[in-house]
Every structure is written in structure tokens, then in C-alpha cells.
Amino acid sequence: MSIDPREYRSTIGLFATGVTVITASDGDHIRGMTANSLTSVSLDPLLLLVCVDRKARMAPVISAASHFAVNILRADQEAIARHFAGRPQPDIEVALEELAGAPVLSASLATLVCSRERILDGGDHLIVLGRVIALRRAAEGDPLLYFAGAYRQLAEMSTTLA
Ligand SMILES: Cc1cc2nc3c(=O)[nH]c(=O)nc-3n(C[C@H](O)[C@H](O)[C@H](O)COP(=O)(O)OP(=O)(O)OC[C@H]3O[C@@H](n4cnc5c(N)ncnc54)[C@H](O)[C@@H]3O)c2cc1C
């Protein structure tokens, strides 16, 4: 059965996710990229993965970097998500700092710094496996969500589960 890629995107887009910005440096420049392909992989060792389009400018940077970071965005950071998804926002200020060898966003809901463990083949994407070496999280705050092609906010469930 041949599946239309647009149908696939519309269907897999019903899997609601948080939104992250992946950050890494090539030594001279820091790059950021919005990503929602984050998956926690293993507790021992602590491994996570993100998938990066082979055509993305981030691909060669994260492939060469010894460390990268996953910055989980807060509900009020939609403009940051749009900016790092290739839609530059005119009045945005992006504050970056260093944490455990990787560039990170100064503000986020949580940040996980990884040493790059391995890059695996994922078709037109790279599967980037990272070993978590440092983390920090905000004391409070809600996550930014992505569902059915749009940014969303958390809401109370209206459905009663028997
Ligand atoms: C919700 C969502 C989830 C996504 N998930 C994924 C995913 O999991 N994997 C994937 O491959 N793609 C994903 N994408 C698509 C991806 O975010 C875009 O295709 C993105 O534009 C690719 O970035 P790039 O590396 O090619 O660089 P560009 O498009 O050139 O850069 C991205 C943006 O970041 C800005 N930027 C980069 N570095 C800095 C810096 N140091 N300071 C300030 N601004 C900077 C650039 O100005 C540009 O606006 C997702 C998009 C969305 C909206």
C-alpha cells in the first residue's frame, strides 16, 4: 500500500508533543533548531535521541559537535519555537549561555545537555543519540505543545475516564 506523505504527516501529527530547541556549536557559531522528535531511549545509560533532517543546517553541526543540548520550551516561548523553525521573528532576543560544554538557551522549561554518543541512519533524517550528562529544570511553568500542525497550550481534560 502506497501512502501519501501528506497523509502520513497529518496522521503522525496527531501524536501530541512538547517542543524543543536543539542547540550545538561548530566551534565558531552556535546553531539552534526547533525539534519535536525528542525521545527518551534508556535509563542505564541515560540516552535520548533527536532526529535531524539531513538537509537542515543543523545536520553537519550536530554531527561534528562533541556536545549538544535539548531545550524544552515553556508555554510562553512560541516565538522562540517559530524563530528556530526558520521563521525569524523581528523583535526576538535569544539569550544563550554555556552549560556542561554545550550552548543552551538561558530560559526554558528544562534543559538536557548530552555528549554525542552515535549518529544512526534514519532515512532522510539523522538519528542523533546523546548521553545525558547534565540537566536543569525550572521550578514551575507549563510546556509549549504541538498538535495537528499548530502550537497549543495545556488545558484541563474535559473527558471523564470511567
Ligand atoms: C514544531 C516543530 C517541530 C520540528 N521538529 C523537527 C525535528 O524533530 N527534526 C527536524 O529536522 N526538523 C524539525 N522541524 C523543522 C525545523 O525546525 C526547520 O526545518 C528548521 O528551519 C531547520 O533549521 P536549519 O538547521 O535548517 O537552519 P535554519 O532554518 O537556517 O535556522 C533555523 C532558524 O534558527 C535561527 N538561528 C539559528 N542559530 C541561531 C543563533 N545562534 N541565534 C539566533 N538565531 C539562530 C535562524 O536565524 C533561523 O531562523 C520542526 C519544526 C516545527 C515547527
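Which backbone oxygen lies 2.6 Å from a polar atom of the side chain of Thr-34? That would be the backbone oxygen of Ala-81. This is a predicted model, and Thr-34 is a handy way into its ligand site, being one of the residues that come nearest to the ligand. The ligand itself takes up the space of the largest pocket.

**Thr-34**
- You'll find Thr-34 in strand E3.
- Thr-34 has a relative accessible area of 17%, so with the cut-off for buried at under 20%, Thr-34 counts as buried.

**Who surrounds the ligand**
- There are 22 residues around the ligand, and Ile-30, Thr-34, Ser-37, Arg-57 and His-83 come nearest.
- By type, the shell splits into twelve nonpolar, seven polar and three charged residues.
- Strand E3 (30-35) gives the largest share, six residues.
- Strand E5 (46-53) and helix H3 (78-84) are also among the elements that each supply at least two shell residues.

**Backbone contacts to the ligand**
- Cys-51 has a polar backbone atom 2.8 Å from a nitrogen atom of the ligand.
- For Met-58, a backbone N or O atom is 2.8 Å from a ligand oxygen.
- Taken alone, the ligand would expose 990 Å², and the protein buries 75% of that.

Key:
Residues are numbered from 1 along each chain as its sequence is written. This is a predicted model: local features need pLDDT of at least 70, side-chain atom pairs count only at pLDDT 80 or more; totals for chains, interfaces and linings use all residues. Side-chain values use heavy atoms; hydrogens and water are left out. A residue is near a molecule or strand if one of its heavy atoms lies within 4 Å of it. A polar contact is a pair of N or O atoms within 3.5 Å; within protein, one must be able to donate a hydrogen and the other to accept it, and residues adjacent in sequence count only if both atoms are side-chain atoms. Accessible areas come from the Shrake-Rupley method with a 1.4 Å probe; for residues, only the protein chains shown count as cover. On a 1 Å grid over the protein atoms alone, a cavity is a set of points where a 1.4 Å probe fits but cannot get out, and a pocket is an open set with protein on both sides within 12 Å along at least five of seven lines; lining residues have an atom within 4 Å of a point. A molecule sits in a cavity or pocket if more than half of its atoms lie within 2 Å of its grid points. Helices (H or I, at least four residues) and strands (E, at least two) are DSSP runs, numbered from the N terminus. Ala, Val, Leu, Ile, Met, Phe, Trp, Tyr, Cys and Pro count as nonpolar, Asp, Glu, Lys and Arg as charged, and the others, Gly among them, as polar. Buried means under 20% relative accessible area, exposed over 50%, partly exposed in between (1.4 Å probe, protein chains only).
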